[in-house]
Amino acid sequence: MRSLPKLILAKDLSLIGGDSRKLSEAAKAGKLVRIRHGVYVDAQKWALLESWDRYALRVEAAAETFTSATVFSHHSAASIHGIPTILGRQPIHALSSYAGGGRSRAGVRRHYVSDGHQEAAETNGFLVTSRIRTALDIAASVPFAEAVVPMDFLLSPGRRRKPVTKDELLNAIDARYSKAAAKRVAAVVQFAVKNSGSPGESYCRGLMHLAGFAAPELQYEVRTKVGVVYTDYYWKDVRLVGEFDGREKYMKAEYLKGRTPSQVVIEEKDRENAIRATGRSVFRLVWSDLTVGKLERELVAAGVPRRRRASLGHPNS
C-alpha cells in the first residue's frame with residue numbers, strides 16, 4: 001500500500017504500561033483524530049490526506065481491531081490492491097459466512113458468501129478478495145458509471161501490474177451473483193476499455209454513456225505544431241476534443257513528473273492552444289461537472305453528438 005501516517009493504537013500503549021486515556025484526551029484537544037475505537041492518527045497529518053487515503057487508513061484501522069481472520073472485499077479490497085474507485089461514503093467491506101451477513105455495524109458492511117466461495121489471498125498484510133473478484137463485486141453493487149472505474153483500471157497495462165482480459169472477467173461471473181446482477185456486471189465489462197487515462201476519465205465516460213452521448217475515441221493522436229498530442233476524448237465527426245482535468249494531474253507525482261502544479265497548468269493551456277490551431281474545438285471538464293444534469297448541459301453546450309438511435313438504421317456509405 002501507499003505511504004500513510006502511522007496509526008496510534010491504544011492496545012499498544014497498554015502493552016507497555018501506558019495510560020490509553022491520554023489518547024482520548026489528545027483527541028478531545030484536537031491533537032489526534034479517532035478513526036475507530038482505540039485507533040488514532042495525528043490530526044495534522046489526517047487533515048492533509050485525500051479522501052482515498054483516509055479510507056485506506058480506516059481499512060487499516062479495522063484490520064487492527066478485528067479479533068478474527070477477516071477477508072476484505074469490494075471497495076476495501078480495492079483500496080488494499082491500489083485499484084481506484086468512486087468512494088463517496090463507503091463503509092468498510094468484509095466477507096462473512098454467517099447467514100445474517102449483509103448488515104452494517106460499527107461502520108462495517110458484511111457480505112454473506114458460502115464457505116466454498118470465500119476465496120482470499122494475503123496482499124500487503126491483509127486478507128483480500130482477488131483483483132478480478134473485487135472489481136466484479138463492486139460492479140454488482142454500485143451504479144454503472146462508478147463500476148467502470150475499477151474495470152478500466154484492471155484492463156489497462158501498468159508498470160507494476162499485469163492487466164486482466166475481458167474473457168477472464170466474464171468467465172469469473174458465476175452463480176454467486178443474481179441473474180440481474182450478472183447482467184449488470186457483464187455490461188460493465190463489455191463497456192470497459194484498456195486505454196482510459198485516469199479514474200476521472202473513466203467515470204466521466206460512463207456518465208456520458210448513460211446520458212445518451214456518442215462514444216468518444218480515447219487517446220486520439222493530434223499532430224500539432226508543437227508535436228503529437230494525445231487527447232482524453234475525441235469526436236471525429238464534429239472535430240471536437242474533450243479534456244478531463246482531474247486533481248491527480250496537479251497533485252500526484254506520477255502525473256507531475258518533476259513539474260510544479262503551476263507548470264502543469266501552463267503546459268495544459270499551451271497544449272489546448274496547439275490543438276485549437278489545427279481547427280479543432282476543445283472543451284474541458286472537472287470533477288465538479290460530473291453530476292448528471294450539469295454534465296449533460298456542458299456536453300450539449302460543447303456540441304458533443306448524441307448516440308444514433310437504432311430505429312434510424314445505419315447511414316448509407
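## Ground rules

The model is predicted, so local features need pLDDT of at least 70, side-chain atom pairs count only at pLDDT 80 or more, and totals for chains, interfaces and linings use all residues. Residues are numbered from 1 along each chain as its sequence is written, and side-chain values use heavy atoms, with hydrogens and water left out.

Helices (H or I, at least four residues) and strands (E, at least two) are DSSP runs, numbered from the N terminus. Axes are lines fitted to C-alpha atoms, for helices over the stretch in contact, and angles run from 0 to 180 degrees between N-to-C directions. Contact means heavy atoms within 4.5 Å.

## Helices α7 and α10

Helix α7 spans residues 144-155, and helix α10 spans residues 199-210. Their axes lie 8 Å apart, at an angle of about 140°. That makes α7 oblique to α10. Angles under 35 degrees count as roughly parallel, over 145 as roughly antiparallel, 65 to 115 as roughly perpendicular, and the rest as oblique. The crossing of α7 and α10 is right-handed. The near helix is turned clockwise from the far one by less than a right angle in a right-handed crossing, and anticlockwise in a left-handed one.

On the α7 side, the contact uses F144, A145, E146, V148, V149 and D152. On the α10 side are P199, S202, Y203, R205, G206, L207, H209 and L210. By class, this contact has 8 nonpolar, 3 polar and 3 charged residues. Here Ala, Val, Leu, Ile, Met, Phe, Trp, Tyr, Cys and Pro count as nonpolar, Asp, Glu, Lys and Arg as charged, and the others, Gly among them, as polar.

## Helices α6 and α7

Helix α7 also packs with α6: their axes come within 8 Å and cross at roughly 160°. That makes α6 roughly antiparallel to α7. The crossing is left-handed.

From α6 come R131, I132, A135, L136, I138 and A139. They meet A147, P150, M151 and L154 in α7. The contact has 9 nonpolar residues, no polar ones and 1 charged.

## Helices α10 and α14

Helix α14 covers residues 292-302. Its axis comes within 10 Å of the α10 axis, and the two cross at roughly 80°. The pair is therefore roughly perpendicular.

C204, L207 and M208 of α10 touch V292, L295 and L299 of α14. This contact has 6 nonpolar residues, no polar and no charged.

## The second largest pocket

On a 1 Å grid over the protein atoms alone, a pocket is an open set of points with protein on both sides within 12 Å along at least five of seven lines; a cavity is a set where a 1.4 Å probe fits but cannot get out; lining residues have an atom within 4 Å of a point. Grid points are joined across faces, edges and corners, and a volume is the space filled by probe spheres set on the points.

The second largest pocket holds about 370 Å³ of space. Its lining has 20 residues, and H74, H111, Y112, D137 and Y177 lie nearest its centre. β7 gives the most, with 3 residues. By class, the lining has 6 nonpolar, 9 polar and 5 charged residues.

## The cavity

The whole structure has 1 cavity of 30 Å³ or more. The largest cavity holds about 40 Å³. Its lining is F191, R205, M208, H209, F213, A214, A215 and P216. α10 gives the most, with 3 residues. The lining has 6 nonpolar, 1 polar and 1 charged residues.
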